[in-house]
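Open the model in your viewer and keep the sequence panel beside it. This tour tells you what to select next and what is there.

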Amino acid sequence: LILPFLNYRTRSFAINNTCFGLSRFQAQLTARSFYLTYLKLGGWMILFAIGCAALLGLAHIVGLGFNLSALISFLPLLLLIVVIVGPGAYLKASLGKLVYNSTHLENFSFKCDWRARDLIWIYASNFILIVLSFGLLIPWSKIRSTQYLVSHMAIKGDTNFDQFVAGKIDQLAATGQEIGEFFDVDLPVLG
């Protein structure tokens, strides 16, 4: 029961105490939305478990002959994908949308449209390809995952973001120069 609250507090603290130049990020997050996300995940996992049990029971009643030892040999891989990759991808997508869509930086906001099914496909296929390549595709899989995450995020705002960044850099350069003069720090330019 404390995991959603800890996740909420950690993300709230991290975002609300981060600055870009002199501008602070602000996130309007609520613990309720985190609890609802975790409850929805729990509900989906319970429904999935009931569905799997019903299918196995139906297969046994109908008398479908399947090799139980073959099923047991693939069970760890299936459990890894279903129990770890699926819920992990769902939480990453849901909490990512929740956090990034409620984060603002002055007059800029963020838009995140990650989808759980896309992340499940990326993570599961990356896992299978890493196993088949004996780990050689780990860098490729990290790049593939990061490419999806970055390509499904955007910054929205009233003004040009490049002008905003340039203004913040000028602000910080002047502030750093003034602090250096205050403490009488002389840094020679190496050339």
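Predicted model: local features only at pLDDT ≥ 70, side-chain atom pairs only at ≥ 80, totals over all residues.

**The whole chain**

Residues are numbered from 1 along each chain as its sequence is written, and side-chain values use heavy atoms, with hydrogens and water left out.

Colour by accessibility next. The protein chain has 191 residues, and 26% of them count as buried. Buried means under 20% relative accessible area, exposed means over 50%, and partly exposed lies in between (1.4 Å probe, protein chains only).

**Stop 1: H1 against H2**

Select helix H1, residues 3–16, and helix H2, residues 31–62. Their axes come within 9 Å and cross at roughly 135°. Axes here are lines fitted to C-alpha atoms, for helices over the stretch in contact, and angles run from 0 to 180 degrees between N-to-C directions. H1 and H2 are therefore oblique to each other. The cut-offs: under 35 degrees is roughly parallel, over 145 roughly antiparallel, 65 to 115 roughly perpendicular, and the rest oblique.

Show side chains at the contact. H1 contributes Leu3, Pro4, Phe5, Asn7, Tyr8 and Arg11. From H2 come Ala31, Phe34, Tyr35 and Tyr38. By class, the residues of this contact are 8 nonpolar, 1 polar and 1 charged. Ala, Val, Leu, Ile, Met, Phe, Trp, Tyr, Cys and Pro count as nonpolar; Asp, Glu, Lys and Arg as charged; the others, Gly among them, as polar.

**Stop 2: the rings**

Which residues do ring pairs link into a cluster here? Select Phe5, Tyr8 and Phe34. The structure holds 4 aromatic pairs. The centres of the Phe5 and Tyr8 rings are 6.0 Å apart and their planes are at 50°, so this pair is tilted. Rings of Phe, Tyr and Trp (its six-membered ring) pair if their centres lie within 6.5 Å; planes under 30 degrees apart are stacked, over 60 edge-to-face, and the rest tilted.

Phe5 and Tyr8 sit 3 residues apart in H1, about one turn of the helix. Phe5 is partly exposed, at 35% relative accessibility. Tyr8 is buried, at 15%.

**Stop 3: Thr37**

Stay in helix H2 and pick Thr37. Is Thr37 buried or exposed? At 10% relative accessibility, Thr37 counts as buried. Set aside its neighbours within four places in sequence, and Thr37 is in contact with Tyr90, Leu91, Ser94, Leu95 and Leu98.

**Stop 4: Gly86**

Move to helix H3, residues 68–101, and find Gly86. Gly86 is buried, at 15% relative accessibility. Beyond its neighbours within four places in sequence, Gly86 contacts Ile81 and Ile120. Now draw a C-alpha to C-alpha distance from Gly86 to Tyr123: 8.7 Å in space, 37 residues apart in sequence.

**Stop 5: H4 against H5**

Select helix H4 (116–132) and helix H5 (138–151). Their axes come within 9 Å and cross at roughly 170°. That makes H4 roughly antiparallel to H5. On the H4 side, the meeting residues include Trp121, Ile122 and Tyr123. On the H5 side, they include Trp140, Arg144 and Tyr148. The contact has 10 nonpolar, 4 polar and 2 charged residues.

Val150 is also in helix H5. Val150 is exposed, at 56% relative accessibility. From Val150 to Trp114, C-alpha to C-alpha, is 9.5 Å in space and 36 residues in sequence.

**Stop 6: two positive phi values**

Go to the loop between H4 and H5 and select Phe134. Its phi is near 60°, positive in a residue other than glycine. Phe134 is exposed, with a relative accessible area of 78%.

Last, select Glu106, in the loop between strand E3 (103–105) and strand E4 (108–112). Glu106 is not a glycine, yet has a positive phi of about 50°.

Note on methods: Helix = DSSP H or I, 4+ residues; strand = E, 2+ residues; numbered from the N terminus. Contact = heavy atoms within 4.5 Å.
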